[in-house]
Amino acid sequence: MRHRVAGRHLGRETSHRLSLYRNLVTDLLRYERITTTEAKAKEIRPMAEKIITLGRRGDLHARRQAMRFVYDTAVVKKVFDEIGPRMKDRPGGYLRLTGLEPRKGDGARMSSIELVDFVDAPPTPRPQRVTAAPKAAAPVAAAPDAPALEPAEPTVDEAEPEGESAEAVAEETTESASELAQDDAEEREAGHSAE
Amino acid sequence: MPPLPKRKYPKSRQGKRRSHLAIKMPHIVDCPRCKSPRLAHHACPICGTYRGREAITMPAPELES
Ligand SMILES: [Zn+2]
């Protein structure tokens, strides 16, 4: 009987499973947050944390030990140059799992796994809104300004205000800051449901 | 001849057998941030937060940074 035997098989042969672990750990350390099944996330957590502990140690031997597991040397470099120093004073517990909605299709329990100091990119500040504000304040002055901005922030929506009629621009002037924030929240929600 | 039931099982016995087959309701709570229902101890699928922090990566703005 398979009593008191740790670890999950994940429906794979040993070599396949080991490859999967190394891929997942490498990607987790590269992106700092990944989404995967809860079982895989729980399996790789201790492995990834051991790699980070090696990164905290920082010596050559530790680096070579990390190289044995992590597939990408650039990621090893990142662990030793960035993540290790960041976690210097943290006695383990570098990773956090958060449960997500079950996967569509097979209903598998999903989870995100991330470094505990991972900071999500702030909700996109919507560049076209930022440019819309000064435009609304001084519509005439903004007109020559707009083409210069366009190459820097090429978004689909940015072209919109230029094509709009004068009334539409005037309408935007009256839009309060709180309304803009609400708009952003709504758009983010819409993005979620589209996923 | 195929194998056959030895006797008729009454409706009451059938009901007793099925008394344990009910599907349990998942534990649903209201998201403290957006008030939409979500699974307990899971990130909210609507606003992407759990315990006040982002738990779902937003569609990344890849052009910047
Ligand atoms: Zn929510």
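Reply: The account below begins with the confidence of the model, then takes up the sheet and the helices.

This is a predicted model, in which local features need pLDDT of at least 70 and side-chain atom pairs count only at pLDDT 80 or more, while totals for chains, interfaces and linings use all residues. Residues are numbered from 1 along each chain as its sequence is written, and chains are lettered from A and ligands numbered from 1 in the order in which they are written.

The model has an ipTM of 0.74 and a pTM of 0.66. The pLDDT is below 50 over residues 123–181 of chain A, a stretch that has 34 contacts in the model beyond near neighbours in sequence; a contact requires that the C-beta atoms of two residues, placed from the backbone, lie within 7 Å. Residues 191–195 of chain A also have pLDDT below 50, with four contacts beyond near neighbours in sequence. Chain B averages a pLDDT of 85, and 85% of its residues score at least 70.

The sheet of chain A is open and has three strands in the order S1-S3-S2, with antiparallel pairing. Helices (H or I, at least four residues) and strands (E, at least two) are DSSP runs, numbered from the N terminus, and two strands pair if DSSP finds at least two bridges between them. Strand S1 (33–37) and strand S2 (95–100) of chain A are the edge strands, each pairing on one side only. From one strand to the next the twist averages 25°. S1(A) is joined to strand S3 (residues 110–115) of chain A by five bridges, and the two run antiparallel. A:Thr36 has A:Ser111 in S3(A) as its bridge partner.

Helix H1 (residues 14–31) of chain A lies across S1 and S3 of chain A and runs at about 145° to S1(A). Axes here are lines fitted to C-alpha atoms, for helices over the stretch in contact, and angles run from 0 to 180 degrees between N-to-C directions.

H1(A) also packs on H4(A): their axes come within 10 Å and cross at roughly 45°. H1(A) is therefore oblique to H4(A); angles under 35 degrees count as roughly parallel, over 145 as roughly antiparallel, 65 to 115 as roughly perpendicular and the rest as oblique. H1(A) passes H4(A) in a left-handed crossing, a term that applies if the near helix is turned anticlockwise from the far one by less than a right angle, with clockwise giving right-handed. On H1(A), A:Thr26, A:Leu29 and A:Arg30 meet A:Val75, A:Lys78, A:Val79 and A:Ile83 of H4(A). The residues of this contact comprise four nonpolar, one polar and two charged; Ala, Val, Leu, Ile, Met, Phe, Trp, Tyr, Cys and Pro count as nonpolar, Asp, Glu, Lys and Arg as charged, and the others, Gly among them, as polar.

Helix H4 (residues 73–86) of chain A packs in turn with helix H3 (residues 60–69) of chain A, at an angle of about 140° and with the axes 10 Å apart. H3(A) and H4(A) are therefore oblique to each other, and their crossing is right-handed. Here A:Arg63, A:Ala66 and A:Met67 in H3(A) meet A:Thr73, A:Val76, A:Val79 and A:Phe80 in H4(A). This contact has five nonpolar residues, one polar and one charged.

H3(A) also meets helix H2 (residues 38–57) of chain A, where the axes come within 8 Å and cross at roughly 155°. H2(A) is therefore roughly antiparallel to H3(A), in a left-handed crossing. From H2(A), A:Ile51, A:Leu54, A:Gly55 and A:Arg57 meet A:Ala62, A:Gln65, A:Ala66 and A:Phe69 in H3(A). Five nonpolar, two polar and one charged residue make up this contact.

Key. pLDDT is the predictor's confidence in each residue, from 0 to 100.
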